[in-house]
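Dear colleague,

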Amino acid sequence: MLYQRSSALFDEAYKHIPGGVNSPVRAFKSVGGVPIFMKSAKGAYMTDADDNVYIDYINSWGPAILGHTHPEVLEAIKKQAEKGFSYGTPSELETEIAKLIVENVPNIDQIRMVSSGTEACMSAIRLARGFTGRDKFIKFEGCYHGHSDSFLIKAGSGAATFGNPNSPGVTAGTAKDTLLARYNDIEQVKDLFRHNQGEIAAIIVEPVAGNMGCVLPENNFLQNLRKLCDENGALLIFDEVMTGFRLGFGGAQEVYNVKADLVTYGKVIGGGLPVGAFAGRNEIMNHLAPKGAVYQAGTLSGNPLAMRAGLTTLELIRKDGNFYKNINKTTETLDFEIGKILNSKNIEHRINRKGSMMSIFFHINAVSNFEEAANANHSLFNNFFHQLLANGIYLPPSGYETWFISDAIKEKEIDRTLEVIRKFEYS
Ligand code: KE4
């Protein structure tokens, strides 16, 4: 593969955009090399500025679950655009998608649209604080809920597991209300409730984590979080920005049969256009402005183009009775076949998979939390990433990210991917 054009475009971008990118993970800092500038995408494929073509396993970090530029979504967006791009007023379309989501997701009565997953998660925390009158909340190391201050916290020292800012600009005052625990460690969560009695508004969790690589809940972790929230008067927030409408139409609540008090969304519900949302039962959502006192707003919230793209995407998924069976089967096949190849090469690895999310961790045989994910051999992942990239397979450019399988990835793409991985060599 030649990357001259991407390289020149990166140099130019670097002058005008911090780090040359509008989101850090795109800069290839973790895998090294020049970030690839894409110029088009269709179905299972993306084409870069040098006209190299790739099978895409990021799918815009989740939104392109149907594959890129699905013809029916494209047509729907075009038609909607002819009616205007944004009204700044209520529109029937917003009620249509709200009803579709509320009627198909357990335990939610109302949903508020925003423009990103970050907005959704930060608003859900504010609502939980407003509803409970408490300031603190628990998150898990390795889980990512967007870039609002209270989420950019690294583990404090020792067992205290209170937060410290992990970004300049986040104040100590903010960090003190963020409590951290290890994913899948229910004892640490119990300790936090014991040491902060009556002060914890919520637990926010990725029900299947995708931001430390794909890491699954174990030993009834989610069920135990539900129980602890009930015992301590705290809300359980499922951050389903990744898993919402990807694990199933009812999301992780349905798959794991665990009731969350608030659920956040993004990615798939916008079909590739900017979107986020948070939802819950009336008792909680009625606290949100303008009905209640908890303020939250957004100029482009419920934008008609994003709503139309999301609604069309969700309707296409819903009417295909085999949609989830198919993308989950594709992911299972990739898991099993890649596993066989890596075993044949005596490369110790762990593949974590749930639904159409999966990750490969090298030189480790189990990954249940961030510490174990960090102990995997990331330089080997980077080597793997670049050998695949050079052969037209585009993986997420970090060992701490999950692959997102789309419905456009079929046998041909699986066979090509496996053919490339069979040639993987490492020193
Ligand atoms: P956005 O603000 O990026 O739309 O959503 C934040 C967010 C919230 N919750 C979860 C579970 C998420 O995965 C995300 C965003 N995911 C990353 C992928 N690791 C987006 C990619 C990026 O940061 O460019």
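The notes below take the ligand and its surroundings to begin with, and then turn to a pocket.

Please bear in mind that this is a predicted model. The ligand has 16 residues around it, and the closest of these are Ser 23, Thr 118, Asn 211, Asp 239 and Glu 401. By class, this shell is made up of five nonpolar, seven polar and four charged residues. Since domain 1 (4-57 + 322-422) and domain 2 (71-319) both contribute residues to the shell, the ligand lies between them.

Three side chains can be described in more detail. An N or O atom in the side chain of Ser 23 is 2.6 Å from an oxygen atom of the ligand, while for the side chain of Thr 118 the distance from an N or O atom to a ligand oxygen atom is 2.7 Å. Asp 239, by contrast, places a polar side-chain atom 2.7 Å from a nitrogen atom of the ligand. On its own the ligand has 540 Å² of accessible area, of which the protein covers 85%.

As for the second largest pocket, it holds about 620 Å³ of space. It is lined by 27 residues, and those closest to its centre are Glu 94, Ile 111, Arg 112, Met 113 and Ser 301. Helix 3 (92-104) and strand 4 (110-114) each supply at least two residues of this lining, with strand 4 giving the most, namely four residues. The lining of this pocket comprises 12 nonpolar, 12 polar and three charged residues.

With best regards

Terms used
Residues are numbered from 1 along each chain as its sequence is written. This is a predicted model: local features need pLDDT of at least 70, side-chain atom pairs count only at pLDDT 80 or more; totals for chains, interfaces and linings use all residues. Side-chain values use heavy atoms; hydrogens and water are left out. On a 1 Å grid over the protein atoms alone, a cavity is a set of points where a 1.4 Å probe fits but cannot get out, and a pocket is an open set with protein on both sides within 12 Å along at least five of seven lines; lining residues have an atom within 4 Å of a point. Grid points are joined across faces, edges and corners, and a volume is the space filled by probe spheres set on the points. Ala, Val, Leu, Ile, Met, Phe, Trp, Tyr, Cys and Pro count as nonpolar, Asp, Glu, Lys and Arg as charged, and the others, Gly among them, as polar. A residue is near a molecule or strand if one of its heavy atoms lies within 4 Å of it. A polar contact is a pair of N or O atoms within 3.5 Å; within protein, one must be able to donate a hydrogen and the other to accept it, and residues adjacent in sequence count only if both atoms are side-chain atoms. Accessible areas come from the Shrake-Rupley method with a 1.4 Å probe; for residues, only the protein chains shown count as cover. Domain bounds come from an automatic or database domain assignment.
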